[in-house]
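Dear colleague,

I am handing over the structure we spoke about, and below it you will find notes on what turned up in it. Please read them with the model open beside you.

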Amino acid sequence: MTKQDARLGVYKVLDDLGVSYQIHEHQAFFTVAEADEKGYVLPGLNLKNLFIKNKRGPERYLVILDDHRRLDFKAFAKFTGWGNKVTFAGDDELMEYLGLTPGSVSPFGLINDLQHRVIVVLAKSIGQAAGDMTVNFHPNDNTATLSLTKNDFLKFLEHMGNTVIFEV
């Protein structure tokens, strides 16, 4: 699948749901630090997405955090009950579960998770944000960013059918 095909799949799902969004084209960014270096910041919540797994089990989580926040692995391990078995999922798993490559991790990859195996964990800041607050994500391609409202993002997640957990 090409990057263009990946994007078009996202746009189609959002269009079918009646979700409004803005597309921001830019150079490829693989990390938040790269975007910062280029001064690329959009209004609203700028978020990052981490694909996490249980080293000894089938569980996979897509953790969505504020872009400058580091994941507290100890707290996450306690949250999941996994002890010290928490790690980043590998590139092959990212492709298998979400159909994505490194640098393009996005909640829109859930369109490829037809079995709803990935559990989504949303940062407290998303849960506390107003419904019309803008949230920003790659459209499964790191050369663009989509901006949509939190309410429309939650509508997308509900449509996908994956389990969603809000951080408390």
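The structure holds 5 salt bridges, where a salt bridge is a side-chain nitrogen of Lys or Arg within 4 Å of a carboxyl oxygen of Asp or Glu. Please bear in mind that this is a predicted model, in which local features need pLDDT of at least 70 and side-chain atom pairs count only at pLDDT 80 or more, while totals for chains, interfaces and linings use all residues. Residues are numbered from 1 along each chain as its sequence is written, and side-chain values use heavy atoms, with hydrogens and water left out.

One of the salt bridges joins D16 to K12, with the closest N and O atoms 2.8 Å apart. Both residues lie in helix 1 (residues 3–17), 4 residues apart, which is about one turn of the helix; helices (H or I, at least four residues) and strands (E, at least two) are DSSP runs, numbered from the N terminus. An α-helix has 3.6 residues a turn, so residues three or four places apart point the same way. D16 and K12 are both exposed, on a scale where buried means under 20% relative accessible area, exposed over 50%, and partly exposed in between (1.4 Å probe, protein chains only).

R117 forms a salt bridge with E96, the closest N and O atoms being 3.4 Å apart. This pair links distant parts of the chain, since R117 sits in the loop between helix 4 (91–98) and strand 5 (118–122) whereas E96 belongs to helix 4, 21 residues apart. R117 is partly exposed, at a relative accessible area of 31%, and E96 is partly exposed as well, at 49%. R117 also forms a salt bridge with D113, where the closest N and O atoms are 3.9 Å apart, and D113 is buried, with a relative accessible area of 2%. Elsewhere, salt bridges that share partners join K53, R60 and E93 into one network.

Turning to helix 6 (residues 150–160), the buried residues are K150, D152, F153, F156, L157 and M160. They cover an arc of only 165 degrees around the axis (taken from the directions from the helix axis to the C-beta atoms), which puts them on the same side of helix 6. Just after helix 6, G161 takes a positive phi of about 85 degrees.

Finally, N46 is found in strand 2 (residues 45–54) and counts as buried, at 17% relative accessibility. Its side chain reaches the backbone oxygen of L42 at 2.7 Å. Leaving aside neighbours within four places in sequence, N46 is in contact (heavy atoms within 4.5 Å) with V41, L65, D66, D67 and N136.

Technical notes:
A polar contact is a pair of N or O atoms within 3.5 Å; within protein, one must be able to donate a hydrogen and the other to accept it, and residues adjacent in sequence count only if both atoms are side-chain atoms.
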